[in-house]
Amino acid sequence: MSEIPAYMRVRAYLYNLAEHGTGEMQKIPSENELCRMFGLSRMTVREAIRGLVESRFLVTRRGVGTFVNSSIAKQSVIHFPLIGILHAGGRNVYQTASPAVRTAVLESGMIPEMILLPDSNDPLRLLEMAANHLAAVIWDSPGPEERPYLFALREKGVPLLLVGDRENLTGIGESFDLLATSRAERGRRLGALFLEYGHERICYIHNYTDAFPEKDSPENPETTSGALCAELRKYNPDAVMQYRSIGELDAVLDSFRPTVLYSENILAPYISRCLKEKGLEVPEGLSYLSYKPSASYFFNRKTVACIDEAPLLHEEVIAWLDQRILRGDLDGVFQRKVEPLILPNQTLRNRKDGK
């Protein structure tokens, strides 16, 4: 599906501002605010506003601001349901929610709009933003520090869906609409797969810094690497896993000599380059499996083996949007467990039968 032009995203926001407004002459955000909210240039924002002024949807009052022309808006307003999407702490513009969430919103005939928490650290300001133009909010991987915002949205009646690892949402998500993945389940399934395929020397390559040791740890059974280790020890005491950073990969290949590598998909290009420098072919010399799909380009056009929750997550987001937005059913709590799907594909060799 093609990307929505930037100026149309601003117009869609303003259309919804009118539709959900009070019916009176309603002032729109300033150009500076719109630029910050959408991450756009002043020229793009002005282009969006100018077109609506020309069609008399907006009226400008010199020295005061720009307002929705309520008499015209009632006749010509077009409904673009905007779904606000936040990720993690809601402050880093470079952090984006799962592509499965964005795609599900688009395929439901709605517009995903990345939003950031207000600089004021005030949940009431976020409520004001949501009430003015958002049909619903999907929050991907919220942390404990975001609780005031979550409860404020729920108490105001804004449809809210939480998405993320169950281990991170303990104590937050039980009474919210929730799509829960599990890092531990991911690790267990990886362990079972590697044993099934006859791999006893596994290297988990990560890109975390020492500042985030809690992100994943072989000693913590609630993390991916911890659950993977436990699964290996449970069924094959001889199996060994090393948990190493991408910067250590070269040394690991020389000293540890694993039979399979596992990493997040963003590391696939670096891993591919290192393997080529070592003269290793995938999967004959060493198997590779990623978390989330990776491009076949990096592995001689071989379809990359992966584990991912995205297919089921995509379906469940669409189901939630259908229930909460399209059908307007706000009763009960919508909660689903999102299981990881493993696609072995061409970069994972089955060492037991020689395939």
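Predicted model: local features only at pLDDT ≥ 70, side-chain atom pairs only at ≥ 80, totals over all residues.
Me: Which residues are linked in a network of salt bridges?
Reply: Look for Glu185, Arg188, Arg189, Lys337 and Glu339. Glu185 sits in helix H9 (residues 183-196); helices here are DSSP runs of H or I with at least four residues, strands are E runs of at least two, and both are numbered from the N terminus.

Me: Is Glu185 buried or exposed?
Reply: The scale is relative accessible area with a 1.4 Å probe, protein chains only: buried is under 20%, exposed is over 50%, and partly exposed lies in between. Glu185 has 15%, so it counts as buried. Leaving out residues up to four places away in sequence, Glu185 touches Glu339 and Pro340, where contact means heavy atoms within 4.5 Å.

Me: Where do Glu31 and Arg42 sit in the chain?
Reply: Glu31 is in helix H2 (residues 31-38) and Arg42 is in helix H3 (residues 42-54), 11 residues apart. Their closest N and O atoms are 3.1 Å apart, which makes a salt bridge. Glu31 is partly exposed at 24%, and Arg42 is partly exposed at 35%.

Me: What does Asp250 meet in a salt bridge?
Reply: Its partner is the side chain of Lys278, at 3.2 Å from N to O. This pair links distant parts of the chain: Asp250 is in helix H11 (residues 249-255), and Lys278 is in the loop between helix H12 (268-277) and strand S12 (287-291), 28 residues along. Asp250 is partly exposed at 37%, as is Lys278 at 30%. Another salt bridge joins Glu248 and Arg244, with 3.4 Å between the closest N and O atoms.

Me: Now the strands. What is the order in the open sheet of six strands?
Reply: Two strands pair if DSSP finds at least two bridges between them. Here the order is S5-S4-S6-S7-S8-S14, with parallel pairing. Strand S5 (111-114) and strand S14 (335-337) are the edges, each pairing on one side only. On average, neighbouring strands are turned by 20° against each other, direction ignored.

Me: How many bridges join strand S8 to S14?
Reply: Three, with S8 (residues 177-181) and S14 running parallel. One to look up is Ala180, whose bridge partner in S14 is Lys337. Lys337 also belongs to the salt-bridge network with Glu185.

Me: Which strands does helix H7 lie across?
Reply: Angles run from 0 to 180 degrees between N-to-C directions, using lines fitted to C-alpha atoms, for helices over the stretch in contact. Helix H7 (residues 147-156) lies across strand S6 (136-140) and strand S7 (160-165), at about 155° to S6.

Me: How many aromatic pairs does the structure hold?
Reply: Rings of Phe, Tyr and Trp (its six-membered ring) pair if their centres lie within 6.5 Å; planes under 30 degrees apart are stacked, over 60 edge-to-face, and the rest tilted. The structure holds six such pairs. Tyr204 and Tyr262 are edge-to-face, at 5.0 Å centre to centre and 80° between the planes. Tyr204 is in strand S9 (residues 201-206) and Tyr262 in strand S11 (residues 260-264), so the pair ties together parts 58 residues apart in sequence.

Definitions and conventions
Residues numbered from 1 in each chain as written. Heavy atoms only, no water. Salt bridge = Lys/Arg side-chain N within 4 Å of Asp/Glu carboxyl O.
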